[in-house]
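Biologist: I would like to go through the labels one by one. Please set each value against its cut-off.

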There are 2 protein chains.
Amino acid sequence: MINEQYKKMLEEKSIIRELSEFAVARGKEIGYENVFDYSLGNPSVPVPAKLTQVIIDLLQTRDSVELHGYSPSLGIDFFKDKVAGSLNQRFGMDYTGSHIFPTAGAAGAVAHAVRCVTKPGDKVLVLAPFFPEYRFYVNLTGAELSVVPANTVDFQIHFEKLEEMLTREVAAVLINTPNNPSGAVYSKETLKELAGLLYRKQKEYGRDIFLISDEPYREIVFGDVDAPYVSGFYDNTLSCYSFSKSLSLPGERIGYVAVNPRCRGGELIVPICGQISRGIGHNCPASLMQLAVGEMLEERADIQVYETNRDLLYKELTALGFSCVKPGGTFYIFPKALEKDSVAFCKKALAYDLVLVPSDSFGLPGYFRMAYCIDTEKVHRSLVPLRRFVEENYR
Amino acid sequence: MINEQYKKMLEEKSIIRELSEFAVARGKEIGYENVFDYSLGNPSVPVPAKLTQVIIDLLQTRDSVELHGYSPSLGIDFFKDKVAGSLNQRFGMDYTGSHIFPTAGAAGAVAHAVRCVTKPGDKVLVLAPFFPEYRFYVNLTGAELSVVPANTVDFQIHFEKLEEMLTREVAAVLINTPNNPSGAVYSKETLKELAGLLYRKQKEYGRDIFLISDEPYREIVFGDVDAPYVSGFYDNTLSCYSFSKSLSLPGERIGYVAVNPRCRGGELIVPICGQISRGIGHNCPASLMQLAVGEMLEERADIQVYETNRDLLYKELTALGFSCVKPGGTFYIFPKALEKDSVAFCKKALAYDLVLVPSDSFGLPGYFRMAYCIDTEKVHRSLVPLRRFVEENYR
């Protein structure tokens, strides 16, 4: 019989998908260029030209049996060593290739990390607002996700609530900085306080508490914002990364888990990731991509455009009276809706061809998310309907 | 704490891995060209030149945001439609793209298929001899794998035993034809009898029994051997395929599940695969590979060499007195060892730099597997030590 657990998942409607489907359907009526689709976090800038050339060079110069052959079960050494070297140089860490496990993007990394350090029944804390897919990555392992309420002042951490919820059953805390959906970047002070709390609780409970740090937006930070490297603050950290945003290749599904060399039992975590991958038949990202991305660790797609878009939207939204924390990074902004029910708010916006995402699934109702990974020209044009939407409904 | 279930998996030694490590270490001593490594099923022939050109063309002509962008969660339509069209034309099926779910090779396909049609506690039958990784694909879903004893006469199906074990708790039967490790190809008669038995048991128990058909060697059949398409015989069939062998690109991790259009509840299976992929963060094979392989459905790597190798080995082994079923396909041969303990047998062979795999983990002790996906020249050279090994130990 068809598995009932997954069948039930199909019945849950995804508001983001519904909105995106609206955007596509509406695009067919009026031209997609006239739909101001702020719903999806799909990078809008091309891959660096160097990447295309690196792939072509690999195809033209390497023996195809080697190039397209099986990746070793723990990943290709060239890729792992390059990642370790780059992290060491940028963040003063001391990884070796053996601390790096290649995954299908940050999604694969978080799902693997959670499986590694939990058993069914364990609790995993996430901090609102959070990326809704975390529910699936966590719950399908048999662990149980609990949501720590947001610090809505600046979207740093609500430490009082976190401490309250950090009980003996908590095996891991899952954070995301720079943050989807708020755009907030955790400061050095926040990370110090977090590490202090976790060390204290580890001692109190006499057990490990792992910090799973989801960092696909690590490179997308604006102006002089400092984005400290999470693993530098706390030993039991598994850093989850994706090249989807920094190199604009989300469809190629490549990222990694980096295990802090001082992590307790850390020498087992990469081999365990290998066993998890084996069980699902994944067996590492595409060999060609591991070899190509290994050459691209210091390269970035032209992510500057996201800062331009942030500036435009932040200025306009605050001028229109929205309460809004200025994003320090990512390509998201997360203002408070102009009415309590943000689903109703976002539905009204559709009449102006503005596709905004209500915040309920992010664990903090009453807000909305705009993903501004779209052409700057389109952001400009969207300001007119945005003004009309606010004036005609909320003035 | 580190997950104990996976930690335990690490402690189980893999004999195939140990042998392969021996081969690599020995290769460093005497040159790998002098180690007759028959341990690994890694394709040895280059990818078709056309594939390299197709990838380069895609890189040079497509918009990179589109080319490397997120795959839709159920896969790229172009790939799905091409697969459906090819299967329909070759095997008289009536798939549409909506019946195809792209996976990380056949491994990902089997793991997804098992998750789709079982719940924890269900039984899944496999037929000895079988690919040892099935244990992991099945057991990590929470279902329970049971092994139906082999038909050692011709490595078709032992129907008496299968019927005996086909109890009410069985949710699925997992078969593999052409077969790893035996090289046997199930005949039309075998598949008809299998389908008849499954239909009968479905009726008797009033529940669905799914047939999961693992077919990565579908194209590697020799001479005039007929390899009938399994799904054509039984409606509740999920066909699991990989391009690893037919196009020689195992590291790129691309394959699919094809759901028979008449499968009960079949319209849910592909969407459920999407949910499974979502939960593990996989989200489809690399976009570039889906688009490239979609252009390659009627192409093959030069798999002819495997038949040449089969002929050489079969002739020599039978001349040396081995009892051996002639493989109809794959790149494996599975003779009976010359002593009862095939582990001891294979250990003795190492002294002749012959790396053979004992059959215990395939669910049928007393045999050994040779993977002859190596250069024909090397097969020729290996016959001398093979003769010496037999003469010096078993005459």
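Biologist: Why is Arg264(A) called exposed?

Modeller: Its relative accessibility is 54%. Exposed means over 50%, buried under 20%, and partly exposed in between (1.4 Å probe, protein chains only). So Arg264(A) counts as exposed. This is a predicted model: local features need pLDDT of at least 70, side-chain atom pairs count only at pLDDT 80 or more, and totals for chains, interfaces and linings use all residues. Residues are numbered from 1 along each chain as its sequence is written, chains are lettered from A and ligands numbered from 1 in the order in which they are written, and side-chain values use heavy atoms, with hydrogens and water left out.

Biologist: What makes Asp208(A) buried?

Modeller: Asp208(A) has 6% relative accessibility, so it counts as buried.

Biologist: Why is the pair Arg264(A) and Asp208(A) called a salt bridge?

Modeller: The term asks for a side-chain nitrogen of Lys or Arg within 4 Å of a carboxyl oxygen of Asp or Glu. Here the N to O distance is 3.4 Å. The label holds. Arg264(A) lies in the loop between strand S8 (255–259) and helix H10 (266–280), and Asp208(A) in the loop between helix H9 (188–205) and strand S6 (210–214), so the pair ties together parts 56 residues apart in sequence. Helices (H or I, at least four residues) and strands (E, at least two) are DSSP runs, numbered from the N terminus.

Biologist: How do you know that Glu316(B) and Arg387(B) form a salt bridge?

Modeller: Their closest N and O atoms are 2.6 Å apart. Glu316(B) sits in helix H12 (residues 304–319) and Arg387(B) in helix H14 (residues 376–394) of chain B, so parts 71 residues apart in sequence are tied together. Glu316(B), at 12%, is buried. Arg387(B), at 32%, is partly exposed.

Biologist: What makes chain A and chain B partners in contact, and how many residues take part?

Modeller: Contact means heavy atoms within 4.5 Å. By that test, 71 residues of chain A are in contact with 71 of chain B. The chains bury about 5900 Å² between them, 61% of it on carbon and sulfur atoms. Buried area is the accessible area (1.4 Å probe) that two parts lose on being put together, summed over both.

Biologist: How many salt bridges are counted between chain A and chain B?

Modeller: Two. Arg278(B) and Glu133(A) meet in a salt bridge at 2.8 Å, N to O.
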